[in-house]
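This report considers selected side chains and their surroundings. Please consult the sequence and the structure shown below while reading.

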Amino acid sequence: MPLQPHSRRTSGGATAAAAMAASRRPGRRCGAAGAAGSGSPHAGRELRGDASFRRSPPRTDSRGATSWTEAIAGASVGFPCCGPGTRGPRLLAMAPLSTRVLFQRGRPKSDRLGKIRSLDLSGLNLLSEDLDLNLLGRLKQLQELDLSDNQLETLPADLGLPHLHVLHCANNQLSDVTPLCQFPQLEELSLEGNPFLTVSDSLKITFLLPELRKFNGKDVSTIRSKAENLNRELTTRVATHWRKFMAALSREEKAKAQANFVKSAVRNVRYGPVSLSEFTQWRVRMISEELVASGGTHAREADMPEGPHKATATQEPRARPVALRRPGDIPLSLSPQKRVCTSPLAPVEGSLVGSDSSQLEPLHFLQCHSKNNSPSDLRTQLWACAFEPAWDEGQAGATSQTVATCGGEAVCVIDCQTGIVLHKYKVPGEEFFSVAWTTLTVVTQTGHKKRWNVLAAAGLRGLVRLLHVQAGFCCGLIRGHKKAIATLCFSPTHETHLFTASYDKRIILWDIGTPNQDYEFQASHLLTLDTTSTPLRLCPVAPCPDTYLLAGCEGGCCCWDVRLDQPQKRRVCEVEFVFSEGSEASGQRVDGLAFVNEDVVASKGSSLGTICLWSWSQTWQGRGSQPTVAVVVLARLQWSPTILAYFSLSTCPDKGLVLCGDEQGSVWIYDVRPLLAQRSPPQAALQAPTQILKWPQPQALGQTVTKTMVNTVVANPTFTYLTALTDSNIVAIWRRGEP
């Protein structure tokens, strides 16, 4: 399977500043514990101080590629970062537009509005109601209009500008692009700096404006191609849904039920990442309405093989390729015997996911974190990934297929289904070690409530960057640690509470707050937790996340009281957990830690080749007032006998799964529900994994990548997609097939 170097497509113009040389884990080679720079997972990285944080607009290079400094790049709409002074309340009251203003700002100079071809109305603090339709409707020959740097929340539905070819609406408050359909001749459009517009809106534009050539200063062909790919798949799915919907109806019922089909299609037809759900639902509604209007003719046409169609930009040579669905570019080529290998050991009773015996199939293998966008980079280490929270969490079975990954100087947001790199965020000289998601509710200037998925990313420089991924900008920066941040996580109960753990041997609890009208965060420091060794993993205690925090550290597993109603704002470890009896029980590194359910904890690192399952409630009940307590072990899982460390485990609580990678590129999967259901005392023998996914050996630059370390493995809640990150700059994605 050839690798898919998406990073060459998403930020090709970026020039990396003197980035630190990435070293191969020296701590792994000797198996010794230590702080950063010795036995830590991020060894060999010497801190170089705090770099200044720049918020600069996108730059377009000679190839048309947009590069960002401290900004999201890639297939996003491409909005610039919002900083102090960028946007604010309306300071000046703007009088209604007058004929005099139009004559002053129009070109060419004329005494008749009908002769003006170019009009600059930027920077006037205009509101939507200030756009006088009767006055602007007299500009019959207007071809270029600049409405940038105003306070427009929407464009009037009928501006009456039939010959408009260029429209600039940057730095406004627009939240809907559908009024743009009134400009069918539009060839150039700018919408940067409208924070409520999303990637979905950029795709809508390609259907609303058939003549559009440039969008935000870039050729629109890449966005149009992506939209067409999605549209073809949606059309096929709507046609399939039509046949199923109509098959169950009688002839009399069919005539009455067509109106209900549109609602049914919008509710049931799904495709693509959650971040594009607004676009896909919008297109499904349009396709369904066309289908109903045709009486099902379009459904029959959808079954026919596609003939030659109008050439698009994807069929023409272009200077900069973009992140499209990679399997269409390079076919997947794995031999069947390398796809999935079950464990040679005796499997635990029960199948991988209940009665579902479906297999995990390799889907995408991406090189999207390459240093300097080099396709030959197989050394950048990838450290952490996290699936985006589902937007409709109240819907049964709601889940996400969008995953954030970090490593080297980049954070990438990937759609697991298509393999598209939706966004890419790069900071030259940084090395990202951890990412975490939260969903915030914010109130706009107009009083509307918005739900934002915000991504926190941190690493070598000791800074936390808060990324508004959907709109495409960095909207906050937290400086709280003097050394690198090893890991971070959000509270499961307080959406604004963020824990950060650093090599300065401190864990800090922050309240990041909600962004203000300038879309900036003002974080407040709530607690400081002191550690005696470097914290590697953070885990709020599942049954009481507002009371206790667990941390896996270089020196063991520790617990802190994190209740905010206590007076002390700086606290030491309350109890240390040990995993075996004896004087040598403490001081053992714990580099994997996660709750399997409300009571059972999975941890790794305390003994070679073993993952331990232990009970939080039973352990805590037996603690008394002792500062050290032995955990109540429920089972021990057999894992790789390697002496190397820093392979992070994860869990999929909804499915009762424990996941972990190893030094050979394999993924170990354990269905622990049968073990937890046993009422008898724990068995002394190690429990074998339910399944082991062997490394599929993809190809890069004509060479087979035969061996790699899988640093972390994470699955989405429904265990539909599994993502593994490696030491060799490879993001590996598996998909669970239908049973």
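Strand β21, which covers residues 497-502, contains T500. In this predicted model, T500 has a relative accessible area of 0% and is therefore buried, the cut-off for that class being under 20%. The side chain of T500 is joined to that of W510 by a polar contact of 3.0 Å. Leaving aside residues up to four places away in sequence, T500 touches V464, H481, I485, T487, L488, R506, I507, I508, W510 and L538.

**Aromatic pairs**

A pair of aromatic rings is described by the distance of the centres and the angle of the planes. The whole structure holds 16 aromatic pairs. Two of them are set out in the table.

| Pair | Centre to centre | Angle between planes | Geometry |
|---|---|---|---|
| F365 and W734 | 5.8 Å | 75° | edge-to-face |
| Y548 and W616 | 6.0 Å | 50° | tilted |

What does the pair of F365 and W734 tie together? F365 belongs to strand β11 (residues 360-366) and W734 to strand β42 (residues 731-736), so their pairing links parts that are 369 residues apart in sequence. F365 is buried, at 0% relative accessibility, and W734 also counts as buried, at 0%.

Y548 counts as buried at 12% relative accessibility, and W616 is buried with a relative accessible area of 5%. Both residues are members of one aromatic cluster, which is formed by Y548, F577, F579, W614, W616 and W620.

**Charges over rings**

Rings also meet charged side chains. The charged end of R283 is placed over the ring of F207, at 4.2 Å from the ring centre. Likewise, the charged end of K604 sits over the ring of W639, 4.6 Å from its centre.

**Cysteines**

How many disulfides does the structure hold? The number is 0. C553 is in no disulfide, and the nearest cysteine sulfur, belonging to C558, is 4.6 Å away; a disulfide would require the two sulfur atoms to be within 2.5 Å. C553 counts as buried because its relative accessibility is 1%. C474 is buried as well, with a relative accessible area of 0%.

Notes:
Residues numbered from 1 in each chain as written. Predicted model: local features only at pLDDT ≥ 70, side-chain atom pairs only at ≥ 80, totals over all residues. Heavy atoms only, no water. Buried < 20%, exposed > 50% of the residue type's maximum accessible area, 1.4 Å probe, protein only. Helix = DSSP H or I, 4+ residues; strand = E, 2+ residues; numbered from the N terminus. Polar contact = N/O pair within 3.5 Å; in protein donor to acceptor, adjacent residues only side chain to side chain. Contact = heavy atoms within 4.5 Å. Phe/Tyr/Trp six-rings, centres within 6.5 Å; stacked < 30°, edge-to-face > 60°. Lys NZ or Arg CZ within 6 Å of the ring centre and 35° of its normal.
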